[in-house]
Amino acid sequence: MLRKAAKKNIVVAVTNLYDHFFVSSGECKAKVTAARLPYFDGDYWPFAAEDMIYQLQQEEDEKEWHKKGTIEKTITERAIKASGQSDLSVNAAKDLLLMHKLGEMIRPMKEDFIMVHLQHACTHCCNVMVSGNSWVCKQCRNFQLCDDCYKAEQKREDGERHPMNQKEKHVLHTVEITDVPGDTKDKDEILEFEFFHSREQLLFFCQNKHFQFDTFRRAKYSSMMILCYLHNLTPRALTLTCYICHRAIRASQCWRCETCPDYDVCNTCYQKDGRIDHPHNFYNTFNDNKKALQLGVMQLRKMLDLLVNASQCYMDCEYPNCGKLKALFRHGKQCDIRATGGCFPCEKMWYLLSLHTRECKKSECSVPRCRDLKESDRWVRQTVDSQRRVVVMEMMRQRAAQVAGYS
């Protein structure tokens, strides 16, 4: 997939975390520091770095940093200067030691830490170039500078200019960056699917459905089935209520009034003798999947907004569905079956609460059980991450032992 993306110029370059950040080159002017590493929630290396920082802090408290005397200090200062840093403080030494240990840990399995560059980066400062001009060397592969680094390059002496340690200097040509559009806003509708909110949930979903990606054929089938689930969301996510019989109906199996908002009728009530005593026309969403999907997403957004309103409303509300959510709150307090026993109203309420919890950023939220669900989700993520880290650590130890045996 990445090779095809590179041929279509969607991907600029493909490398790995170790070669890009831990192997220094003579042309790179950026400092070798842990702050340059990409930090994404759920990645392996941030947890490994936090464990190492904790171990280094314990060693510092136990005064194990000064056991080697002046020899360790001299080596540390040399290493700091070699990494491009002018700061000789204790924090710089810690940063360098952390990068050294991280590099040793990642190196045996560096090919698993894939990095994909969607834009060109400056060779000197390593910043991504998304606007302005880039200065490219036609004689050297993958050498280009941003405007600021090019100006600094022109002020250097001949021995420090590109290419370094060579008498003949190369000419840099300017190239205007026009590949990045001004408006990168995604115009597609946001689809709510509970299994795409974290990598662990997607993994569990694929395991339960036996979706595999180890061959091209299985990858095509698994991708197709995941898209099928995404565009045909679960009944509890897009369930509506019939205006006549008050039963739950799916968004893809309802009749909706073209004029009145939230006037939905199930197929049974619509097909009754005499039809419906309603002055406006209805349209169905049986054969229009796109319209059914838009209807379901719109209804779900309204329900999430009403959920917040119902938790704060104590009087007669102008919203017609606010009373329904209040009735769900009361039902949840009195129900003995619960969602685990198969109670549909409880299942729907818990699903709405879980969706609200993922989007809520307030520390003091009025929605019931919001704080408890946040704490539960945080504990589950930490548990799964800890288990995954143990598995990865064991795999890395095995690979390191294999590399040592081959050498």
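The legends below accompany close-up views of a predicted model.

**View 1. An open sheet of three strands, in the order S9-S8-S10, is paired in the antiparallel sense.** Strand S9 (264-266) and strand S10 (282-284) stand at the edges, and each has a single partner strand, so one side of each is left without a neighbour in the sheet. From one strand to the next, the twist averages 30 degrees. Strand S8, residues 254-257, pairs with S10 over three bridges, and Trp255 has Asn284 in S10 as its bridge partner.

**View 2. The largest nonpolar core contains 22 residues.** Among these residues, Leu17, Phe22, Leu37 and Leu102 touch the most other members. Helix H2 (17-21), helix H3 (44-61), helix H5 (90-106) and helix H13 (370-406) each supply at least two residues of this core, and H3 gives the most, with six residues.

**View 3. A nonpolar patch on the surface is formed by Val14, Ile114, Val116 and Leu118.** Together, these four residues have about 350 Å² of accessible area. Ile114 belongs to strand S2, residues 114-117, and counts as exposed because its relative accessible area is 53%, which is over the cut-off of 50%.

**View 4. A cis peptide bond joins His162 and Pro163.** The omega angle of this bond is about -10 degrees, and Pro163 has its place in the loop between helix H6 (147-154) and S5.

**View 5. His210 and Arg369 are residues other than glycine with a positive phi.** For His210, phi is near 60 degrees, and the residue lies in the loop between helix H7 (199-209) and helix H8 (216-231). For Arg369, phi is near 65 degrees, and the residue is placed in the loop between helix H12 (344-359) and H13. His210 counts as exposed, at 66% relative accessibility, whereas Arg369, at 45%, counts as partly exposed.

How values were computed. Residues are numbered from 1 along each chain as its sequence is written. This is a predicted model: local features need pLDDT of at least 70, side-chain atom pairs count only at pLDDT 80 or more; totals for chains, interfaces and linings use all residues. Side-chain values use heavy atoms; hydrogens and water are left out. Two strands pair if DSSP finds at least two bridges between them. Helices (H or I, at least four residues) and strands (E, at least two) are DSSP runs, numbered from the N terminus. Axes are lines fitted to C-alpha atoms, for helices over the stretch in contact, and angles run from 0 to 180 degrees between N-to-C directions. Patches are made of residues with over 30% relative accessible area and no salt bridge: like charges are joined within 9 Å, nonpolar side chains (Val, Leu, Ile, Met, Phe, Trp, Tyr) within 5 Å. Accessible areas come from the Shrake-Rupley method with a 1.4 Å probe; for residues, only the protein chains shown count as cover. A salt bridge is a side-chain nitrogen of Lys or Arg within 4 Å of a carboxyl oxygen of Asp or Glu. Buried means under 20% relative accessible area, exposed over 50%, partly exposed in between (1.4 Å probe, protein chains only). A nonpolar core is a set of buried Ala, Val, Leu, Ile, Met, Phe, Trp, Tyr and Cys residues joined through side-chain atoms within 4.5 Å.
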